[in-house]
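Please walk through this structure with the sequence to hand.

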Amino acid sequence: MGILDIVPAGVVTGDNMRKLFAYAREHNFAIPAINCTSTSTINAALEAARDINSPIIIQFSNGGAAYIAGKGLSNKNQEASIIGAVAGAQYIRAVAKAYGIPVVIHSDHCAKKLLPWFDGMLAADEEYFKAHGEPLFSSHMLDLSEEPKEENIEICLKYLKRMAPIGCLLEMEIGITGGEEDGVNNEGVDNAALYTQPEDIWDIYKAFSEVTDLFSIAAGFGNVHGVYAPGNVRLHPELLGKHQAYVKEQLGDKCDIPKPVFFVFHGGSGSNEDEIKTAVENGVVKMNVDTDTQWAYWDGLKNYYEGKKDYLQTQVGNPDGPGKPNKKYYDPRVFIREAEKSMATRVQQACKDLGNVNTL
Ligand SMILES: [Zn+2]
């Protein structure tokens, strides 16, 4: 039985979201969440997943969402980030079914100072729910890992209570992910703080599950955002297995599955196959991919330019003759397409690394 036997093609939310993640956890694979900033990058991710018969998660960062709306728009009070995220989600809803695969629409890291962004997206979810009986987005991420644990849980709970009735999943973060991403810099944090403790996971699980089971946890296990030289980061994905065992033990008879928690893998760029495999075996169902697909998009464009350089210097005139037009070389549908193809290949690589191939 494949995924399409349990959830339909198109955007998945609520109960289907739960089924999709539970299926991935049970079958030991994870779905990559691709950061997208345009219809071009969204299409590359959808096409990549469709061609290997797999579901995909598309996510927007705060800056990426603003970019979708346009760099020319002011982001005062998070307006551009809200408009861009909503526009991106509506675009995905318009095309997802045509690709024939289940698609998750997600918003990435939202720190405390960006909460107005979260509120704006949630308002759009509630409005969409009134008309269609489901939220616009499948899920959102709240990153309050820089706040004290109690405050992190408290604010998440407040939002969870708003999200549960409309069937929108909440992804939260505990423990600090090193590195720098979207303006949050944790490069100076000492190593011990990078690892989450099992008691922390249980505190979250216990509090959240009184409201809903539609939540996931990005737990720090030495993760670093961005790409660093190999050997600088020590990942301990086996810790996630200890967290699962601890939560299961606390639940006792109330838990009849080996891995009760949905985990999310942040800051995984540059991690090796074994680390990813261990993370997935221990209940990681979603892994964020951004840095590597950004590079792939650029690399596709760079290779195209280098290969066709002599056809890209003037509108008319190239090695074939002084009067030959170059239109077919500088049409964005040609050069951006090369970026998309290169990105799609990298998305498929991410799917392969996570075991998300032919899972439909
Ligand atoms: Zn994170």
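In this predicted model, W202, Y205, F208 and F215 are linked into a cluster by ring pairs. A search of the whole structure finds eight aromatic pairs. In one of them, the ring centres of W202 and Y205 are 6.3 Å apart and the planes meet at 20 degrees, so this pair is stacked; the cut-off for stacking is planes under 30 degrees apart. Both W202 and Y205 belong to helix α7, which covers residues 198–209.

F208 has 0% relative accessibility, so it counts as buried. F215 has 4% and is therefore buried as well.

The next residue to look at is H243, which is placed in helix α8, residues 238–251. Is H243 buried or exposed? Its relative accessibility is 1%, so H243 counts as buried. Which residues does H243 touch, leaving aside those up to four places away in sequence? They are T196, Q197, P198, I201 and F263.

Helix α10 can be read as a whole element. It runs over residues 291–308, which makes 18 residues. From its first C-alpha to its last, α10 reaches 26 Å, close to the 26 Å expected at 1.5 Å a residue. The buried residues of α10 are D292, T293, A296, Y297, G300 and Y304. Why do these residues line one face of the helix? Viewed down the axis of α10, the buried residues fall within an arc of 150 degrees, so they line one face.

What covers that set of buried residues in α10? The cover includes two strands, β2 (31–35) and β12 (284–289). Helices also contribute to the cover of these α10 residues, among them α2 (39–51), α11 (327–330) and α12 (332–353).

Methods: Residues are numbered from 1 along each chain as its sequence is written. This is a predicted model: local features need pLDDT of at least 70, side-chain atom pairs count only at pLDDT 80 or more; totals for chains, interfaces and linings use all residues. Side-chain values use heavy atoms; hydrogens and water are left out. Helices (H or I, at least four residues) and strands (E, at least two) are DSSP runs, numbered from the N terminus. The expected span of a helix is 1.5 Å times one less than its number of residues. Buried means under 20% relative accessible area, exposed over 50%, partly exposed in between (1.4 Å probe, protein chains only). The arc is that of the directions from the helix axis to the C-beta atoms. Contact means heavy atoms within 4.5 Å. Rings of Phe, Tyr and Trp (its six-membered ring) pair if their centres lie within 6.5 Å; planes under 30 degrees apart count as stacked, over 60 as edge-to-face and the rest as tilted.
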